[in-house]
Structures are given as structure tokens and as C-alpha cells.
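This briefing is intended for a reader who has the sequence and the coordinates at hand.

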Amino acid sequence: MPRLAPLGNCHPGLRRCWHPVARCSEVSDRPVRVRLLGEAWVLVRVGGTLRAFADRCPHRLAPLSIGCSHGDTLACAYHGWRFDGEGRCVEIPALGSGGAIPPRARLEAAHGVTERHGMVFLAPEAPLAPLGDVPEDEDPSFSAGDLPVLTAKASAGLLADNFLDMAHFPFVHASTFGAEDPVVPPLTVSREPWSFLAVTEHEFLNREDPGVAAGIRPLVQRRRVTYRVVAPFHLVLRIDFLDAGGTNVIGFFLQPESEESCKVYSTIWRDDLEGDPGRMAAAVAFELRVVEEDLVVQQAYDDLCLPLDMTAEIHTKADRSTVELRRLLADLVVAAESVPRHDGDRGAAGRAAEPAPAV
Ligand code: FES
Ligand SMILES: [Fe+2]
């Protein structure tokens with residue numbers, strides 16, 4: 001089997017996946033441009049329905065994101081062509097009423113666009129993996145806190161790798177939570193076709209527990225750490241404090257914008273803050289410091305891609321979860337290259353064979 005190329009941010013296999021592209025609150029009836037895998041998309045609510053189109057008007061290829069919506073249509077800012085929610089051109093002002101609209105005057109729609117746990121997700125082509133979920137987001141015992149969206153000169157693959165990596169804690173996070181035993185506990189990994197779980201239950205020193213200071217509980221306590229990964233970059237860490245009680249959940253969702261740029265969406269869910277907004281703000285600020293510590297390392301890489309050839313790096317038993325990430329993503333890119341695309345997957349690309357109109 002030929003060696004797999006490293007996974008860069010614009011790998012074509014990533015077109016067949018769901019990716020976060022915005023927070024829901026950022027998208028209204030005013031078009032907004034986002035970048036994904038080196039391509040520009042426009043997000044807009046047309047007649048109240050979320051839509052995603054390639055950010056390119058079919059007339060003179062002007063960005064639609066500088067246009068505006070009019071009722072149930074999206075209007076291009078250049079010559080005023082109007083498009084309905086399905087992307088069909090319904091009006092060309094320069095032709096007057098009754099003017100013939102060319103059949104190719106259609107926008108290129110994303111294969112899918114949807115909203116989940118506060119984010120807009122876009123799939124350029126038919127996705128191989130289902131969109132990941134965060135059950136705690138629906139659980140009323142949890143409250144959520146969003147970190148600010150960060151933009152980094154980084155690789156989505158390497159950022160995902162870093163999120164799963166437990167061996168860097170004492171070194172990268174020495175100023176926050178990293179003063180821990182450097183030995184990584186053994187993880188049990190269970191794989192589904194496009195996702196995996198990595199779980200460990202181990203003892204740790206719970207210095208945050210007020211019950212320790214009160215003499216109710218010992219300093220050495222047990223916790224269960226569960227990583228949930230859905231390809232490509234939908235990652236969730238859940239920590240259950242088995243003695244002190246309470247659960248912390250950290251979501252980490254990556255938008256590969258271009259070869260050199262990534263957006264990081266992170267949200268935390270907590271069931272132990274009694275709905276106190278001040279405590280949630282403090283927890284969000286702490287998590288932001290942790291992510292910023294990670295970005296110092298991640299932005300120092302020259303080669304912004306994740307190796308998928310297993311001989312390109314050295315792996316140890318402490319790297320169990322990050323090895324599984326490489327296997328998952330390798331399977332994804334192989335499948336993306338071997339599964340034929342269906343007609344219509346690429347919107348306007350499927351219409352490229354239509355004859356040009358005589359004008
Ligand atoms: S470029 Fe959009 S209407 Fe002409
Ligand atoms: Fe980290």
C-alpha cells in the first residue's frame with residue numbers, strides 16, 4: 001500500500017466531512033463570508049432558513065457576501081441578480097421583466113449546512129462521517145460557556161492531535177493544570193467506522209476539591225477521562241470526578257480555513273457550578289489560558305500537516321489515542337478517494353456540462 005501523504009488543512013478528502021464554520025449567532029439575514037479548505041462560502045438566512053453557497057455569483061463571479069438579502073432572496077451587490085433559497089436566479093434587473101434567465105444562473109450550494117450545539121456546520125460534499133454530537137448540551141443539569149473563537153496559524157490535524165495528547169500536560173501546561181504525574185495512564189480505545197472513544201480511569205491529586213481541605217475526602221481521588229472523536233475534527237473531553245462528584249466537558253471543534261489557518265471553537269459544559277455566571281466566566285477564562293498555552297507550540301510548527309504514514313513519527317504506548325486519530329483520518333482520506341462521488345454532490349460542478357447560452 002502506498003504511503004499516505006500528510007493531512008494538510010486543504011486535503012480534498014476533507015471536503016467529504018462536516019466542519020464548523022461559524023457560531024449560530026454570527027449568521028443572520030446579512031450574508032457573511034467564511035473560509036473552509038481554502039474556499040470561500042457565504043452563509044445567510046434566506047426567509048429565515050440557513051443557507052450556504054459558494055461565495056461566487058455565477059454572473060461575473062463577484063462575492064455574494066457583499067450582497068444583501070431581500071425577503072426570500074439573496075441579491076448580488078454587483079448587478080442585482082436575485083437568487084432564491086435554492087440558489088436559483090429569479091430576477092436579472094438588466095433584462096427587465098420577462099427577460100429569459102439562463103438555466104446555469106444558479107448558485108453552488110454546499111451539500112449540507114446545519115446547526116448544532118451553537119455552531120453552524122457545513123459539508124462541501126456528501127459527508128462520509130455523521131456530524132458529531134454533544135449529549136451534555138441537551139442535558140439541563142449542564143450549563144455551557146463558549147470560549148472566544150480563536151484563529152491560529154496551525155494545522156487542524158495537529159490541533160486535534162494535541163487535544164488528545166496527555167503526555168504534554170506537565171510541560172506545556174505547567175502554569176495552569178500541568179503539575180501532575182507525567183505518566184500517561186493506559187487508555188482503552190473503542191473504534192466505530194468514523195469515530196472512537198478513548199477512556200481511562202485513574203487516581204489523581206484533587207487539589208481543587210474543597211472537601212479535601214474540609215477533611216471529608218482524601219487528596220488522592222479517582223476520575224474517569226473520556227475522549228470522544230468524530231472524524232475529522234469534532235473532539236470532546238469528558239472528565240467525571242468519581243469521588244468528589246461533578247463532570248467537566250470540553251468541546252474542541254476545528255475549522256481548517258486554509259493551508260495555514262484554522263479557527264478553534266471551544267465550549268465547556270459544567271454541572272458543578274450551580275448556574276453561577278461568575279464561576280462559569282472564570283472556568284472559561286481558565287480554559288482559554290490552557291488553549292493559548294497549546295497554541296504557542298502549535299503555531300511554532302513549520303510543517304502544518306498531520307502525518308498519516310505511521311512510520312513518519314515515533315509512537316509509544318503513551319500515544320494510544322493520537323495513534324487512533326491517525327488511523328481514523330487515514331481511513332477517512334482513503335475512503336474519500338475511493339468512494340465515487342454522486343451526481344449533484346458538488347452543486348454547480350454537476351452542471352458544468354450544460355451548454356453556454358447564446359447571447
Ligand atoms: S456579478 Fe453578481 S449580478 Fe453580476
Ligand atoms: Fe494541551
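Against which strands and helices do the buried residues of H4 pack? They pack against strand E13 (150–152), helix H1 (156–164), H2, strand E18 (247–258) and E19. The model is a predicted one, and its secondary structure comes to 5 helices and 20 strands.

**Overall model and confidence**

- The mean pLDDT of the protein is 92, and 94% of the residues reach 70 or more.
- Over residues 343–356 the pLDDT stays under 50, and the model has 15 contacts beyond four places in sequence for this stretch.
- Where pLDDT is low, the predicted coordinates should not be read in detail.
- The C-alpha trace spans about 85 × 50 × 35 Å along its principal axes.
- Of the 359 residues in the protein, 36% are buried.
- Among contacts with a separation of 6 or more, 59% are accounted for by residues 24 or more positions apart.

**Helix H4**

- H4 has 22 residues and reaches 31 Å from its first C-alpha to its last, which is close to the 32 Å expected at 1.5 Å a residue.
- Its buried residues are Glu287, Val291, Asp294 and Gln298.
- Seen down the axis of H4, these buried residues fall within an arc of 50°, so they line one face of the helix.
- An α-helix has 3.6 residues a turn, so residues three or four places apart point the same way.
- Gly278, Ala281, Ala285, Phe286, Arg289 and Val296 are exposed on the other side of H4.

**The sheet containing E2, E11 and E10**

- This open sheet of 3 strands has the order E2-E11-E10, and its pairing is antiparallel.
- Its edge strands are strand E2 (19–23) and strand E10 (112–116), each of which pairs on one side only.
- Neighbouring strands of the sheet are turned by 30° against each other on average, direction ignored.
- E10 and strand E11 (residues 119–123) run antiparallel and are joined by 5 bridges.
- Thr114 has Phe121 in E11 as its bridge partner.
- Strands of a sheet pair through backbone hydrogen bonds, either parallel or antiparallel.

**Backbone geometry in loops**

- Most residues other than glycine have a negative phi, and most peptide bonds are trans.
- Leu37 is not a glycine, yet has a positive phi of about 55°; this residue lies in the loop between strand E3 (32–36) and strand E4 (39–46).
- Glu274 counts as exposed because it has 9 C-beta neighbours inside 10 Å, where the limit is 12 or fewer.
- The peptide bond from Ala231 to Pro232 is cis, with omega near 0°, and Pro232 lies in the loop between strand E16 (220–230) and strand E17 (234–241).

- His173 is placed in the loop between helix H2 (169–172) and strand E14 (188–192).
- With 16 other C-beta atoms within 10 Å, His173 is partly exposed.
- Not counting residues up to four places away in sequence, His173 touches Gly178, Val290 and Glu293.
- From C-alpha to C-alpha, His173 and Pro127 are 35 Å apart in space, and they are 46 residues apart in sequence.

Technical notes: Residues are numbered from 1 along each chain as its sequence is written. Chains are lettered from A and ligands numbered from 1 in the order in which they are written. This is a predicted model: local features need pLDDT of at least 70, side-chain atom pairs count only at pLDDT 80 or more; totals for chains, interfaces and linings use all residues. Helices (H or I, at least four residues) and strands (E, at least two) are DSSP runs, numbered from the N terminus. A residue is buried if 20 or more other C-beta atoms lie within 10 Å of its own, exposed if 12 or fewer, and partly exposed in between; C-beta atoms are placed from the backbone. Two residues are in contact if their C-beta atoms, placed from the backbone, lie within 7 Å. pLDDT is the predictor's confidence in each residue, from 0 to 100. Two strands pair if DSSP finds at least two bridges between them. Axes are lines fitted to C-alpha atoms, for helices over the stretch in contact, and angles run from 0 to 180 degrees between N-to-C directions. The expected span of a helix is 1.5 Å times one less than its number of residues. The arc is that of the directions from the helix axis to the C-beta atoms.
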